[in-house]
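Happy to walk through this one with you.

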Amino acid sequence: MSVIEEPIVISFDYASFQDYWSSFSTGPTRIAQRLLALPSELRSEIEGHVRAGYLAGLPDGPRSFAIIVRAVRGVVPG
């Protein structure tokens, strides 16, 4: 069997915490729907934790996050 693996780097750029948070908390995504189904107190608590992680002790502003996914293709000899 022949297997080829390629890493793909995807960068996500955000202008501010609000930009970042809105990518999760609005729209028809599953996570946004689950957040909206929570009581407002719990939603606010989650937002506070996410904000603390985004800011990491720094002023609010632009951030860039990268993830690596792997594309894999395999060929089984006939």
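Here are a few questions and answers on this predicted model.

Q: Which side chain of opposite charge is nearest to the buried Arg 63?
A: Arg 63 belongs to strand 2, residues 63-75. A salt bridge needs a side-chain nitrogen within 4 Å of a carboxyl oxygen. Arg 63 has no salt bridge, and the nearest side chain of opposite charge, 5.1 Å away, is that of Asp 60.

Q: How far is the backbone oxygen of Pro 59 from a polar atom of the Arg 63 side chain?
A: Backbone oxygens do sit around this side chain: that of Leu 55 is 3.4 Å from one of its polar atoms. For the backbone oxygen of Pro 59, the distance to a polar atom of the Arg 63 side chain is 2.9 Å.

Q: How many residues apart in sequence are the parts that Arg 70 and Glu 5 tie together?
A: The two side chains, Arg 70 and Glu 5, form a salt bridge at 3.2 Å, N to O. Arg 70 lies in strand 2 and Glu 5 in strand 1, so the parts tied together are separated in sequence by 65 residues.

Q: Which helix holds both Arg 51 and Glu 47?
A: These two residues form a salt bridge, with their closest N and O atoms 3.5 Å apart. They are four residues apart, about one helical turn, and both lie in helix 3.

Terms used: Residues are numbered from 1 along each chain as its sequence is written. This is a predicted model: local features need pLDDT of at least 70, side-chain atom pairs count only at pLDDT 80 or more; totals for chains, interfaces and linings use all residues. Side-chain values use heavy atoms; hydrogens and water are left out. Helices (H or I, at least four residues) and strands (E, at least two) are DSSP runs, numbered from the N terminus. Buried means under 20% relative accessible area, exposed over 50%, partly exposed in between (1.4 Å probe, protein chains only). Lys and Arg count as positive and Asp and Glu as negative; His and the chain ends are not counted. A polar contact is a pair of N or O atoms within 3.5 Å; within protein, one must be able to donate a hydrogen and the other to accept it, and residues adjacent in sequence count only if both atoms are side-chain atoms.
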